Structures are given as structure tokens and as C-alpha cells.
Amino acid sequence: ISDQKPLGCWSVKHGQVLTCPVVCNFETHEYIAVHDDKVLRIWKDEDINLDKAFKATLSADVHRIHSLPEGGPLVLFKGGGVRTLDVLLEAPQQEIENVISDEAIRWSGAFVESQQPVVVFATEKDGDFFVYVQKPKLDSLHKYRLEPQESSKPQSFTAYLKNQTVTLLCLYSNDSVYQILIPLQPNTEEEEEILPKSLLLNLSVSGSVLKGTSLVVLDKDHVAVLGSLAAPDKEPKECLTIWNTKFQTLQTSKELPLGTSGQLWCYEEKFFLTHGKVLTVILYKCETSSLAAAVGKLKDSQSPGVSSFVNWDTLENEELVVSFQPQESVALKAESRMNLRSRRSGVTKVQPENFSVGQLLLNLKDAPTNVLESELKQLLSKAQAPDLQAAIGSVVTALTNRCKTNPRYYPQSFLLQIVETRDLSYSLCPDLMAIALEKRDFYLLQICLQRFPDIPEEMTYACLKAFLSISDAYLRVTDVDLDSVICYIDVEFDSKEVKTEIVENGFNAELDEDTCDSKIPRQTHSRSDGETCPVTPQRAALLNAVLHSAYSDTFLLPHLKNLPAQQAILFLRYLYYLYVKCSEKVNTTLPGVRSPTINQIMDWMCLLLDAHFTVMVILPEARELLSKLHKFVRAQVRFYSELNKIEGSLRELQRLNHLRDSQTYSIEVLEII
């Protein structure tokens, strides 16, 4: 998420509108959406076109879909009716009953109790609020009325289920949070029982009042509230706050100067909120509620003014400090979606004998270089398995911070050892590649491009530009891994002749494209532009690392447009060379370790042409290259077109081979029409 890499994107047609949040079916790993209130769509990750996904038109308007890990998706209709997705798909046009009349649903939630799904939703009518509890599989429905509150009304709801009782928390407009207990097994037969409420929390501290817009429950003693903190004679400031409901204290807070949407989500010990134009993810861990913790007087606090509840570095891009101590919380920087789940265990399993990484890094901040590296190596050797990845990120961050403060310091071998032997990612050490670029450490950049799964497109472009602009003389004395090029590029360039391999897929640049299905024997001739690698092996190896890096074309294309024209042409020449080399093989695969694939080559060629097409057309040297590329692609299209014509005959031959008795000898004639 921090690097803004979309893993999938689907769009409805023009004029259609998604009318409720999209959810994931945990059992089938499918996405479920509703557009235009009644049209249900279901699709998987590999589906590209949403319009071709499964479609079902329902008989009533959908309010929201709730997905439960154990109970399956539940569909709540605007009339208050609830159906499980399986039952609904059996007959999409089935009649849906109206449970509510002239009431608007303000909030809804879903839970599992005794292996039975439960849906709870709150409604409003003429200033009165009602709560419905429905068990769709048991055909059970109960309606309650909320006890009215003078001059204030609920603005936000959240709830949790425990011991067959739903605890509903309501954030009222009088800046207070009230608690309402809803039994799943009511003791009365009243048609509309009135639910009493009790004051849980006043959102005021030191004369300042929090005008909350959204709240979530963290545990039985803590809630998080997003809102605007208004102090006397001061401008209101949006902030995220965490409150201890047991001792009625503000645990910690953080100002959000870029503004929010007013929405706050909480899932698997992570906050999700929009801050400006960025979706921010903040990890937290609740400590055992105690009076000392509530007033910030824990003896093992990291430092004065630092909350042990959550680390706000996510919002400030400060140095990452991670602590592993008993009864203390751990927080990490905002991470990409691919890494959050894998690192969850690293922030939840805390061992009593573990050491404080954050305190150690603070102590080593001004230590001599040899002491720093020695202590950090010991730190890595002692780190426990669940905490190892976070410790590695902290170590690399400490090293890069030392590089920033001391320009002469650069532990190249230590950094390279960590990257090559540890499971590292860009999110864990965002400054590492920038430091390597500044130091012109191309070998480290090459390894990072090959190993990091989450490199931002801006950094990928910066590496590409550096690889294309550096001189050949500098590269010849630079240590670079040549494994990806050694098998298809001659390292020595003194020879004037080269032996070309047999062309197995039907094309050779020396022949006219109309005769592209001929087979060419080995022959010796002078190199032509299509056969000679336009870059040195060292530069080719670095460019191959760029081709392997994951990217989103939406975010990479704007950066590629800034690539100088001559560098763009040189890169395109190399891509064309790789394309020709791939096409010399029947399986279109280059030999070697971590060599580019045909798909990677084609994707980058298309990206480069999209970014620089006008320049390519205008420059004479580029026009010649485009002409060769056009002829080559056209010849390939013709060749594969001819193959398609005999595809049916080849399949028939394959079928006959399976049917033929291998013990007998026979001669068969197949007529290709």
C-alpha cells in the first residue's frame, strides 16, 4: 500500500455505479460486488473484464454484503431482509421480505455465534433509532428501540460479540460514547423492547473536545476515535485518538494535518484510514490495561513522550524503532499488502527473554563504525525467528541513517551480505536503494532489483536511467553479476565474425519476410544490427535486472516519458536484440540464470514505445530501428498465421499417435487440405 502498487483493477461500464462496498468470499477467494443496487457480480483475481464476470439480477435493492470467515457472505437488503449468498444464488429473483418500513439503515454488522451467522443493523425514522438482530439460517428476528437522548443522536456505531451478547457502542453528537448491551436470546416477548444505554466515555481532555466522526473497538478496554479536536481559541485539528475506557483516559493521539475522509477501519491489529490522498496502514498492539499504562507511567517505556501503544512513525517517515519487550506494543511502518500478512507473527509473538532492538539502536547512534557493525551483526545472529525480519529492517535502517549523516561511510560488503542472505523488501529499508544510487553501487542495485518484490516505479526508473547513462569504461571495472547474459552475449567484442544458430522459428533478418518459413543453416557472416548486442554485457546484466522488477504501467509510464531520447533509443535497441534472440528458439526462452522472458521484453517494448512514440518517429536513427522492428513483428505474425492453418492437422496427428499401437509398424499418409 505504501508503494501504491495495484494488484488488480476492475471497472464497471459507463453509467453503472457500485452501490455497496466490495467484499471477499473467504471460502472461494472470490470478490463480490453490487452495482445499480440490484446487479450482483462475482469474479476472481485472474478475471480481467468485470463485464464478463458472473452476473445475477436480484429482485430487491441491496444495502450491504457482509463476508464472514466461517459463515460465508450475507446479503442485507435495504428492506431489512437477509439472505446467505448460497441461498440467494439458487434463485436470484426470489421475493425478499420487507422487515422495516420507512426506516433508513444507518449501520450494520455481522458475527458468528454457535456456528450461526448473526446480522445486526441500526435504523432511523423521524429521529428515533432502532436495532434489529437477525439470524437468517434460523429465521429469527428481534427488534429493539434505542433509549432516546435529549438534544443528541448517534453519529457512528460499532459492535462486538461476546458471551451471546452484542455490545453496541454509539458515538453521539454530544461528544460521548455510550454502551448498549443486546442479548441474542431475549428474555421478553415484547415486540419492541427499549434498550437502555450507559455512558462509556466522554471525549474531552484538558478543555479540548473531540468531535468524533468514526470509532472502532480495539479490545474490551480500548477504543479508537477519528475526529476533530477542538480547543478553546484554536483551529480544530483532525486527529486519530486511542482511549482507555476502563480509566477514562486518552491513551495517545496523532494529528492528521492533511485531512481524512472521516472513516476509520480496523482489521487484524491494523488501522486503515485515508490521510490526504494516501491510504495509511498503522499497526498497533493493545497492552494489558493498567492505571500506570493509562497515565503513561510505565517504567519500561522507550523514552519520554513515546507511547508504547502505537508507533506513529508511519505518518512521519521517521527512523523506524521496533521494540521487543514483555507487555509492550510493537508497531511497524506502513507496508505493502503483500508483506502485511507475512509479518503479522513478527509483531504478536513477544518472548520475555527478547532484547530491545529500539533501545540498542538508540545507544549505537553515535558509536564508532567498527562498534556499530559488530553490534549489528550480533543483533542479527541473536534475533528470534518471529522477530527476525523486523530486526533486519531496523539494522539496515540504522546503517543507511549512518550513511546519511557521514557521507564517507558506506558498508558495501555488510549491506550486500544482508540483501543476499536475508529475506528483505523495499518497504523494510526504503532508503537503501537511494543510498546505493548515490554511491553508484550498481551491483547492490542489481541484487535489490532481482530480490525486492515491492520497489516503487520511481525507483525502478531511477535505476534504469542510471544504468543507461553510466559510461562503458566505468562499467568495465564495475563488479556486476553476468549470470543472466553470459549464455547469449559474447563477452569478448574483438571478433569481427560470429556464428549464428539455426533459426528454428522461421525468421532471419537477412531474408525477406515473405520467405520467413524457411530454415537457415549455420553460416558465418559479419554482424548486423539485429545480431550484435548494442550494449556491453555489464550494462545488459543491469538492464535485465530492471526487466525483472515488478511494476504497474500506470505509475511507471509518467516516469518513462522523462527518459532522454538517446537513452530510450539505446534501451529499445537492446530490447529488440533480446526479442530477436528469443525468437531464435522454439520455446522463445533465453538461456542463463534470471534471463528476461519474452513477456517481460514485449511489455517493456510496448511501454517504451507508448512513452516515446513521437520522438521515435521524428529521429532518423529511431525510424530505422522502428522499421526493422515492424518487419520482424510482421514476419512473426505471418509465420504463426501459417502455423495456425495446420493446427488442426497437427492435433489430429497427435491424437493418432496416442491411438497407435507402438508394437506394430505402419506407414500413414496425412493429407493437409
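User: Starting from the convention: a crossing is left-handed if the near helix is turned anticlockwise from the far one by less than a right angle, and right-handed if clockwise. Which hand does the crossing of α13 and α15 have?

Analyst: Right-handed. Bear in mind that this is a predicted model, where local features need pLDDT of at least 70, side-chain atom pairs count only at pLDDT 80 or more, and totals for chains, interfaces and linings use all residues. Residues are numbered from 1 along each chain as its sequence is written, and side-chain values use heavy atoms, with hydrogens and water left out.

User: At what angle do α13 and α15 pack?

Analyst: About 50°, with the axes of α13 (residues 553-560) and α15 (residues 598-618) 9 Å apart. Axes are lines fitted to C-alpha atoms, for helices over the stretch in contact, and angles run from 0 to 180 degrees between N-to-C directions. That makes α13 oblique to α15; under 35 degrees is roughly parallel, over 145 roughly antiparallel, 65 to 115 roughly perpendicular, and the rest oblique.

User: Which residues of α13 make the contact?

Analyst: Asp553, Leu556, Leu557 and Leu560, and the α15 side includes Trp604 and Leu608. Contact means heavy atoms within 4.5 Å.

User: Switching topic, how many helices and strands are there?

Analyst: The protein chain has 17 helices and 26 strands. They're DSSP runs numbered from the N terminus: helices are H or I, at least four residues, and strands are E, at least two.

User: What's the strand order in the open sheet of four?

Analyst: β1-β2-β3-β4, paired antiparallel, where pairing takes at least two DSSP bridges. β1 (18-25) and β4 (54-57) each have a single partner strand, so one side of each is left without a neighbour in the sheet. The twist averages 15° from one strand to the next.

User: How many bridges join β1 and β2?

Analyst: Five, and β2 covers residues 30-35. Leu18 sits opposite His35 of β2.

User: Is α9 mostly covered or mostly uncovered?

Analyst: Mostly covered: eight of the 10 residues of α9 (442-451) are buried, among them Phe442, Tyr443 and Cys448. Buried means under 20% relative accessible area, exposed over 50%, and partly exposed in between (1.4 Å probe, protein chains only). The cover includes α7 (412-421), α8 (432-438), α10 (457-469), α11 (472-476) and α12 (537-548).
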